[in-house]
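Please read the following report alongside the sequence and the 3D view. It begins with one side chain and then widens to the whole chain.

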Amino acid sequence: MAGQRINIMEIRNIIAFKIKKLSNRGIASLLQINRKTVDSYIHRIKAVGLSYDEAAALSDAELIDLFTQTRPTKIGLNTWPRILGQWRSKKHGTQTARKQ
């Protein structure tokens with residue numbers, strides 16, 4: 001993803017298809033993109049501990065932030081666990097414990 005523009009509609013379509021339980025290969029075929037692109041996007045979502053429903057609820061700005069970080073890992077995305085906790089508590093009105 002380095003050096004490439006992030007296509008928010010593509011990401012949102014991938015998330016929607018994952019919610020519907022489609023395989024990465026099937027999604028790539030439907031969207032006519034490389035399977036490794038789908039794999040990469042899904043890896044980033046999983047790396048920060050988001051469910052597909054939670055990822056679908058993120059704003060465009062939050063998705064752009066998620067997909068423009070340099071490393072798709074909890075260490076490389078060290079602000080995401082904090083942001084995710086705040087987002088979950090705001091959405092549900094409760095304090096959510098951070099995953100370790």
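## A lysine and its polar partner

In this predicted model, the side chain of K18 makes a polar contact with the side chain of N24, at a distance of 2.9 Å. K18 lies in helix α1, which covers residues 8-19, and N24 falls within helix α2 (24-31).

When residues up to four places away in sequence are left out, K18 touches S23, N24, I27, I42 and Y52.

## The nonpolar core

The largest nonpolar core contains 19 residues, and those with the most contacts inside it are I14, I15, V38, I45, L50, L63 and F67. At least two residues of this core come from each of α1, α2, α3 (35-47), α4 (52-57) and α5 (60-68).

I15, one of the residues with the most contacts inside the core, touches I45, Y52, A55, A56 and L63, again leaving out residues up to four places away in sequence.

## The chain as a whole

The protein chain has six helices and zero strands, and 34% of its 100 residues count as buried. Of the contacts with a separation of 6 or more, 53% are accounted for by residues 24 or more positions apart.

The accessible surface of the protein chain comes to about 6400 Å², and 51% of that surface belongs to carbon and sulfur atoms.

Terms used
Residues are numbered from 1 along each chain as its sequence is written. This is a predicted model: local features need pLDDT of at least 70, side-chain atom pairs count only at pLDDT 80 or more; totals for chains, interfaces and linings use all residues. Side-chain values use heavy atoms; hydrogens and water are left out. Helices (H or I, at least four residues) and strands (E, at least two) are DSSP runs, numbered from the N terminus. Buried means under 20% relative accessible area, exposed over 50%, partly exposed in between (1.4 Å probe, protein chains only). Contact means heavy atoms within 4.5 Å. Accessible areas come from the Shrake-Rupley method with a 1.4 Å probe; for residues, only the protein chains shown count as cover. A polar contact is a pair of N or O atoms within 3.5 Å; within protein, one must be able to donate a hydrogen and the other to accept it, and residues adjacent in sequence count only if both atoms are side-chain atoms. A nonpolar core is a set of buried Ala, Val, Leu, Ile, Met, Phe, Trp, Tyr and Cys residues joined through side-chain atoms within 4.5 Å.
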